[in-house]
Amino acid sequence: MDTQIKKVLELARAKINSAKVVKDLDQAYIEIFGKDGLMTVLTKQLSNLPQKDRPKTGTLINQLKKEIEERLKKKRSSLTARRSLPSIDITAPGKKQEIGHLHLVSQAIEETVKIFSRLGFSLQSYPEVDWDWYAFGSLNMPKNHPARDDWETFFVKSEINPKYGSQVLTPHTSNGQVREMERVKIPPVRMLNISRCYRRQIDVSHTPMFHQFEGLLIDEDVSISHLKGTFDYFTTNFFGPSRTTRLRPHHFRFTEPSFEVDVTCGVCQGLGCRLCKAGWLELGGAGMVHPKVLSAGEIDPTRYKGFAFGWGIERTIAMKTNIPDIRFFYQNDIRFLEQF
Ligand code: DAH
């Protein structure tokens with residue numbers, strides 16, 4: 001009987017090992033424990049043994065049964081684990097990772113910096129929370145002057161500095177003008193200051209946070225024609241060769257004379273349409289730096305002259321791409337942002 005037990009173990013082991021899928025294992029189970037299975041036949045033989053040998057052989061058969069059941073269990077779990085592995089179709093085309101891109105405001109900033117750097121303007125960075133002095137006082141706007149009302153300024157609760165006054169969220173990038181004069185000390189100055197600005201305004205053409213760029217050039221013998229040439233260079237490079245600029249007289253406290261700069265409308269190409277003022281769109285402000293501003297930056301206004309300009313980045317993008325509402329820029333709607 002001992003040899004038979006060994007034989008059954010060997011046969012059962014072979015059947016279990018050769019099973020490739022769960023179905024094979026089910027078949028092996030039947031062949032071992034089924035009606036005419038190996039174990040069933042073996043167990044039946046127990047009754048042919050003399051009474052005294054039965055307990056010992058019975059124990060052996062029980063051990064054998066346990067061992068076979070254990071092996072079946074192990075094999076089953078290894079087969080099912082293998083089956084649940086994710087199947088990979090290596091012939092399927094790969095899934096491409098989508099590549100993002102810069103926000104359209106960042107793209108326009110990069111482009112603007114490139115255009116002006118070809119004219120020798122270098123990018124400087126000045127504070128977004130600045131003293132009243134740099135945002136207004138040094139720009140020929142004394143305290144309580146009504147011109148300040150044009151900038152709907154956010155004031156910051158801070159100590160009042162005897163020289164510089166209180167602090168504001170910069171309502172324009174012109175705060176960089178006198179700061180740049182203080183940095184360079186001796187002209188020439190060719191600065192581009194791009195920064196976030198803040199004003200208490202929101203409608204189709206205003207957001208409370210927006211970007212401006214400010215240009216400042218100071219040298220000997222600087223004239224309005226240099227300013228006009230600079231704008232034309234920017235306009236043809238940024239908007240395209242068919243667009244041109246004009247200067248309209250205006251008033252700013254920090255420039256004399258002062259202008260508003262218009263560019264021909266991209267929709268009607270200067271003919272006049274619903275979007276524009278008789279063919280022109282307003283770009284921003286500009287002018288010849290006021291002698292008092294040069295003096296505030298300790299630059300001799302009898303020797304040096306300069307021109308300055310400042311306008312909104314979002315506005316220039318809207319004018320280039322004919323976006324009707326600049327609030328779209330900051331709504332983070334991917335369907336809008338993906339288009340640029
Ligand atoms: N800072 C002005 C504004 O925000 C724009 C401006 C006008 C800037 C004239 C200048 C300038 O540099 O010369 O409305």
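Predicted model: local features only at pLDDT ≥ 70, side-chain atom pairs only at ≥ 80, totals over all residues.
Residues are numbered from 1 along each chain as its sequence is written, and side-chain values use heavy atoms, with hydrogens and water left out.

The chain is divided into domain 1 (2-78) and domain 2 (106-337); such bounds come from an automatic or database domain assignment. The centres of domain 1 and domain 2, taken over C-alpha atoms, are separated by 91 Å. UniProt, in an unreviewed entry, lists residues 188-339 as "domain: Aminoacyl-transfer RNA synthetases class-II family profile". UniProt positions are given in the numbering used here, feature names are shortened, and annotations may be inferred rather than shown by experiment. The span 188-339 is 22% helix and 38% strand, and its end C-alpha atoms lie 41 Å apart. Helices (H or I, at least four residues) and strands (E, at least two) are DSSP runs, numbered from the N terminus.

Seven strands form an open sheet with mixed pairing, in the order β1-β5-β6-β10-β9-β8-β7. Two strands count as paired if DSSP finds at least two bridges between them. The edges are β1 (122-124) and β7 (245-252); each has a single partner strand, so one side of each is left without a neighbour in the sheet. From one strand to the next the twist averages 25°, where axes are lines fitted to C-alpha atoms, for helices over the stretch in contact, and angles run from 0 to 180 degrees between N-to-C directions.

A second open sheet has three strands in the order β2-β4-β3, with antiparallel pairing. Here β2 (129-131) and β3 (154-161) stand at the edges with a single partner strand each, so one side of each has no neighbour in the sheet. Four bridges join β3 to β4 (residues 165-169), and V156 stands opposite Q167 in β4.

The whole structure holds 26 aromatic pairs. Rings of Phe, Tyr and Trp (its six-membered ring) pair if their centres lie within 6.5 Å; planes under 30 degrees apart count as stacked, over 60 as edge-to-face and the rest as tilted. The rings of F213 and F309 have centres 6.5 Å apart and planes at 80°, so this pair is edge-to-face. F213 lies in β6 (residues 209-219) and F309 in β10 (residues 305-312), so the pair ties together parts that are 96 residues apart in sequence. F213 also pairs with W311: the centres are 5.3 Å apart and the planes at 70°, so this pair too is edge-to-face. W311 lies in β10, so its pair with F213 ties together parts that are 98 residues apart in sequence. F213 and F309 are both buried, and so is W311; buried means under 20% relative accessible area, exposed over 50%, partly exposed in between (1.4 Å probe, protein chains only). Ring pairs link these residues into a cluster whose members include F116, F121, F213, F309 and W311.

I313 lies in helix α10 (residues 313-321) and is buried, with a relative accessible area of 0%. Leaving aside neighbours within four places in sequence, I313 is in contact (heavy atoms within 4.5 Å) with residues including V105, A108, I194 and F213.
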